[in-house]
Amino acid sequence: MAEYLSNEEFVEVVKYPSLISHPQYELCQQQMNGHGGGVVSFKLKDGINGYTRDQASRKLINAFELITIATSLGEEHTLVQMNGENLIRISVGLESSRDIIGDIHQALSFF
């Protein structure tokens, strides 16, 4: 999912320790066997089709069909939340990665 997001045209930055672009990539390799954990964070670009980053982020998370908006990230199904800096955090659940990426892809298609 992190690799998918890092190649998406509307995504500005992806924060996930197992991505080679992450500042703690080497530490992740040593301490986490290259697995970055269950939370992927990212920011959309500002100005997508005239939307501010805040508007686009809200539009995106409201367009998810599989991923649920949450105030806490501690469930067995995939959840999403956004902080005040428009950082979108997805807590990956037990669904297949194909289904989760498919949901992100269909939500991004609204732009």
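This section describes the fold, nonpolar core, salt bridges and selected local features of a predicted model.

The secondary structure of the chain comprises four helices and five strands. From the N terminus on, these elements are arranged in the order α-β-α-β-α-β-β-β-α. Along the principal axes, the C-alpha atoms occupy a box of roughly 40 × 30 × 25 Å. The radius of gyration of the chain is 14 Å, which agrees with the value near 13 Å that a compact globule of 111 residues would have. Of the contacts with a separation of 6 or more, 53% are accounted for by residues 24 or more positions apart. Buried residues make up 41% of the 111 residues. The chain exposes about 6,400 Å², of which carbon and sulfur atoms supply 46%.

In soluble globular proteins, nonpolar side chains tend to be buried together. In the present model, the largest nonpolar core contains 26 residues, and those with the most contacts inside it are Val14, Phe42, Leu44, Leu60, Phe64 and Ile88. Two or more residues are contributed to this core by each of helix 1 (2-6), strand 1 (11-15), strand 2, helix 3, strand 4, strand 5 and helix 4 (97-108). When neighbours within four places in sequence are left aside, Val14 is in contact with Ala2, Leu5, Ser6, Leu19, Val40, Ser41 and Phe42.

A search of the whole structure finds two salt bridges. One of them joins Glu12 to Arg53, with the closest N and O atoms 3.1 Å apart. Because Glu12 lies in strand 1 and Arg53 in helix 3, this pair ties together parts that are 41 residues apart in sequence.

Asn49 adopts a positive phi of about 50° although it is not a glycine. Asn49 is located in the loop between strand 2 (39-44) and helix 3 (53-63), and its relative accessible area of 54% places it in the exposed class. Asn86, also a non-glycine residue, has a positive phi of about 60°. Asn86 is situated in the loop between strand 4 (79-82) and strand 5 (88-91). In contrast to the exposed Asn49, Asn86 counts as buried, at 11% relative accessibility.

Tyr25 belongs to helix 2, which spans residues 25-31. With neighbours within four places in sequence left aside, the contacts of Tyr25 are Pro17, Ser18, Leu19 and Ile20. The C-alpha atom of Tyr25 is separated by 21 Å from that of Glu8, a residue 17 positions away along the chain.

Definitions and conventions. Residues numbered from 1 in each chain as written. Predicted model: local features only at pLDDT ≥ 70, side-chain atom pairs only at ≥ 80, totals over all residues. Heavy atoms only, no water. Buried < 20%, exposed > 50% of the residue type's maximum accessible area, 1.4 Å probe, protein only. Core = buried A, V, L, I, M, F, W, Y, C linked by side-chain atoms within 4.5 Å. Contact = heavy atoms within 4.5 Å. Salt bridge = Lys/Arg side-chain N within 4 Å of Asp/Glu carboxyl O. Rg over C-alpha atoms; globule rule 2.2 N^0.38 Å. Areas by Shrake-Rupley, 256 points an atom, 1.4 Å probe, with all protein chains shown as cover.
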